[in-house]
Amino acid sequence: MTSHLNILTTKAQVTAGGATAALPVVRPVEGNDAVAVGTLRQQTGLVTYDPGFTNTACAASSITYIDGDQGILRYRGYPIEQLAEHSTFLETAYLLIYGELPDATTLHNFSARVNRHTLVPENFRSFLAAFPQSSHPMSLMASAMSALGTFYPETLDPMDDDAVDLATVLLLAKVRTITSYLQRSLVGRPLMYPDYSRGYVEDFLRMTFAEPYAPWDPDPVIVAAMDKLLILHADHEQNCSTATVRIVGSSNANVYSSVAAGVNALSGPSHGGANEAVLLMLQNLSESGDTVESFMKKVKDKTAGVRLMGFGHRVYKSYDPRAAIVKSHADAVLARLGKRDKLLDMALGLEEIALNDDYFIERKLYPNVDFYTGLIYQAIGFKPLMFTPLFALGRMPGWIAQWREMIRDPEMRIGRPRQIYMGHPERQYPVP
Ligand code: CMC
């Protein structure tokens, strides 16, 4: 192991079958020390087995830090609470991708560059229109991310810094337009062109909700709420979709193909798809006439196969700090929109029961970021099918930052896990 890593002089010893391996221990800036197991098989014949990567660090990263026990989340060292309060989505995107907050001129130039590229190629619209009407927008979004690369072949080389920079801007710019197209296709409205004079989030909302024949004025409260939600989703270290982006990129696949894989990974209900699933759960509960208490009984009695969606997290064993911020704004945003409805009360009721119930306390299950976001998205006017694409729109800077870090990492090798083979031993093909 080479390294920019802090390798301790103390080694971890693993003894098995008469062989002992002395393995390097790596100390991070914060978090648990890590045993580097790369030479374990060479030294002992053993491999490591860790389904779901519950205890395996797949990368050394300087982007995002989470302390799941304390409910801490920081981007490049800055607490999420401070960024949500004071930053903007594009500034946070710059921070994640380039490592430092931009000064005013740099931010202006970066925003202007992103804005200039917001238009998507005209024939891209017919590409999106070719999908069946019933398609889930996450499938369209993943396909759109892959397809984007074909329009900009000069940006595909992962080893060309200028190409990667341009691809970064193109992805950030066009994912906003594509996301707005997805909602407009769902509701059968004509697609809108970007307006370069407006800010990133403001123009996203305009492209999503305006009518081509009428003026559209932004509501600053809604623009700010949307901006905050995007900041909260912008990165989350090595989650399922980000680890997917890294592993796809580790084959030197281009950044478009890598983030397309991230969008697909995000679509599942255990990951980003949970925000849509939460709203469905609340609506079903409301329509079924079932009480919150009896629903919770079903969740705890696992035979029904019901999970409290928007609850639980692999890393957070305390309140997800993103959920705390969303919750603290949900009431105000819904009230502002005049859409404070019974689903919010139902969600608050479910949370209260869960936080005081032994089942959830013992398993350290708290609301995650997806628990309250859908209620806000719906109040703003997004269709439930759009909730996970909105997560992807927010996560784009994180995926790009992680891909860029991975591609330049001197430790980077193609991601290629081992397995525990449990099939037939060798057998002979039956020759007649
Ligand atoms: N409702 C009821 N029980 C749960 C829940 C839940 N939402 N989440 C976990 N548990 C139980 C689970 O049954 C298990 O119990 P036992 O120890 O008796 O077998 C225990 O808690 C540990 O759960 P796990 O599934 O082994 O934990 P995991 O780390 O593999 O999974 C998770 C994490 C997020 C997939 C899971 O908590 C879950 O399915 N939550 C609901 C879906 C959800 O909200 N996902 C969004 C995650 S946050 C945003 C994101 O990253 O995308």
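**Exercise 1.** How many positive and negative side chains does the chain have, and how far apart do the centres of the two sets lie?

*Solution.* Count Lys and Arg as positive and Asp and Glu as negative, leaving out His and the chain ends. Place each charge at NZ of Lys, CZ of Arg, CG of Asp or CD of Glu. The chain then has 39 positive and 45 negative side chains, with the two centres 4 Å apart.

The model is predicted: local features need pLDDT of at least 70, side-chain atom pairs pLDDT 80 or more, while totals for chains, interfaces and linings use all residues. Residues are numbered from 1 along each chain as its sequence is written, and side-chain values use heavy atoms, without hydrogens and water.

**Exercise 2.** Describe the open sheet that contains β4.

*Solution.* Take helices (H or I, at least four residues) and strands (E, at least two) as DSSP runs numbered from the N terminus; the chain has 18 helices and 6 strands. Strands pair if DSSP finds at least two bridges between them. The order is β4-β5-β6, with antiparallel pairing. β4 (64–67) and β6 (78–79) are the edge strands, each pairing on one side only. Between β4 and β5 (residues 72–75) there are 4 bridges, and Tyr-65 faces Arg-74 of β5.

**Exercise 3.** What percentage of the 432 residues is buried, and what percentage of the contacts between residues at least 6 apart in sequence joins residues at least 24 apart?

*Solution.* Buried means under 20% relative accessible area (1.4 Å probe, protein chains only); 47% of the residues qualify.

Key:
Buried < 20%, exposed > 50% of the residue type's maximum accessible area, 1.4 Å probe, protein only.
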